[in-house]
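Here is a short briefing on one protein model.

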Amino acid sequence: MKIGKYKIQLIETGTFALDGGAMFGIIPKPLWEKNNPADNANRVSLTARCLLLSYEKKNILIDTGFGNKWDEKSNSIYNFNQQSANLNKSLKLAGVDREAITDVILTHLHFDHTGGSTTVENGKIVPSFPNATYFVQKQNFDWAMNPSEKDRGSYIKDNFLPLYEKGVLKFINGNEPFDDEIEFIQINGHTFGQQLVKISDSLQTLLYCGDLLPFSSHIHLPFIMGYDLQPLVTLNEKKKILNQAVDEEWKLIFEHDPFLPAVTIQKIGEKFLIKEKIKI
């Protein structure tokens with residue numbers, strides 16, 4: 001797919017598992033397990049799907065997956081799996097190596113979105129992309145440095161603090177344009193200062209949905225994660241963005257849906273439904 005000057009490719013970086021109840025909040029299991037079956041520990045499968053935008057010598061990576069800096073206990077909890085896909089392998093398949101990444105846009109600093117941002121070299125944690133500038137909302141960085149007891153486990157400082165200390169982390173403040181085709185939409189329901197990435201030209205618009213809509217099933221308004229710090233804010237954010245996506249025929253990319261990467265949606269009555277599955 002191409003939008004404006006950018007060639008767009010999906011970058012699969014592996015799968016992991018989270019509690020199904022946490023992923024769907026108050027929604028009863030019989031309503032979500034048909035599309036997202038749970039294992040014997042009640043965990044549902046998630047993919048860590050990143051996005052690569054390329055133009056001439058510019059290569060922009062959106063999010064970096066959960067990375068590989070995990071111990072045995074964490075692996076047993078989250079069931080991390082990078083056998084069929086990982087960040088390095090997928091970038092190579094896309095024709096890009098780590099040194100060629102010029103920019104990394106982070107939707108937010110939770111471990112499953114920024115774990116691949118740093119790596120261990122000679123016993124030290126360093127930026128994974130040596131020639132890249134990383135971008136995140138200043139509000140999210142401030143929160144990540146002092147999170148609440150509820151979400152402290154989602155922010156692992158080894159994933160982002162070395163970027164700040166190295167001077168390669170640049171802060172965004174609100175809904176700023178990145179360039180002519182890329183702009184940020186700040187939202188605050190899931191965590192404070194998450195940024196969705198909107199890519200558009202005169203013909204089409206693509207929205208990388210981050211954790212506003214982790215699965216395609218989250219287009220249903222009541223489907224809101226138990227992880228969200230402000231669920232009623234999430235609800236209002238979903239209403240606003242989904243209505244705009246219908247009106248302007250946006251393509252939505254789901255970062256965590258293991259079965260359905262991208263769709264367009266429609267609105268019938270008060271309900272949002274999938275209109276068409278999109279191949280990227």
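The count of aromatic pairs in this structure comes to 20. The model is a predicted one. One of the pairs joins Phe-24 and Phe-215, with ring centres 5.8 Å apart.

**Aromatic pairs**

- Phe-24 sits in helix H1 (residues 20-24), while Phe-215 sits in the loop between strand E12 (205-208) and helix H8 (231-247).
- The pair therefore ties together parts that are 191 residues apart in sequence.
- Phe-24 has 0% relative accessibility, so it counts as buried.
- Phe-215 is also buried, and its relative accessible area is 0%.
- A cluster of linked ring pairs takes in Phe-16, Phe-66, Trp-70, Tyr-78, Phe-80 and Phe-111.

**Nonpolar cores**

- In soluble globular proteins, nonpolar side chains tend to be buried together.
- The largest nonpolar core has 23 residues.
- Within that core, Leu-61, Ile-101, Phe-129 and Tyr-134 touch the most other members.
- Strand E3 (43-55), helix H4 (87-93), strand E8 (133-137) and helix H6 (138-145) each give this core two or more residues.
- Leaving aside residues up to four places away in sequence, Tyr-134 touches Val-104, Leu-106, Ser-117, Pro-127, Ser-128, Phe-129, Leu-163, Val-168, Leu-169 and Lys-170.
- A second core is separate and has 20 residues, including Ile-60, Phe-178, Phe-184 and Ile-278.

**Largest pocket**

- The largest pocket has a volume of about 280 Å³.
- Its lining is made up of 17 residues.
- Those nearest the pocket centre are Leu-18, His-110, Phe-111, Ser-154 and Tyr-227.
- Strand E2 (6-19) and helix H5 (111-114) are the elements that give two or more residues to the lining.
- By class, the lining holds seven nonpolar, five polar and five charged residues.
- Phe-111 belongs to the pocket lining and to the ring cluster.

- Lys-150 lies in the loop between H6 and helix H7 (161-166).
- Is Lys-150 buried or exposed? Its relative accessibility is 52%, so Lys-150 counts as exposed.
- Lys-150 touches Gly-226, Tyr-227, Asp-228 and Leu-229, with residues up to four places away in sequence not counted.
- Lys-150 and Leu-229 are 79 residues apart along the chain, yet their C-alpha atoms are separated by 8.1 Å.
- Tyr-227, one of these contacts, is also among the residues nearest the centre of the largest pocket.

Terms used: Residues numbered from 1 in each chain as written. Predicted model: local features only at pLDDT ≥ 70, side-chain atom pairs only at ≥ 80, totals over all residues. Heavy atoms only, no water. 1 Å grid on protein atoms, 1.4 Å probe; cavity = no way out; pocket = protein on both sides within 12 Å on 5 of 7 lines; lining within 4 Å. Points joined across faces, edges and corners; volume = space filled by probe spheres on them. Helix = DSSP H or I, 4+ residues; strand = E, 2+ residues; numbered from the N terminus. Nonpolar A, V, L, I, M, F, W, Y, C, P; charged D, E, K, R; others polar. Core = buried A, V, L, I, M, F, W, Y, C linked by side-chain atoms within 4.5 Å. Buried < 20%, exposed > 50% of the residue type's maximum accessible area, 1.4 Å probe, protein only. Contact = heavy atoms within 4.5 Å. Phe/Tyr/Trp six-rings, centres within 6.5 Å; stacked < 30°, edge-to-face > 60°.
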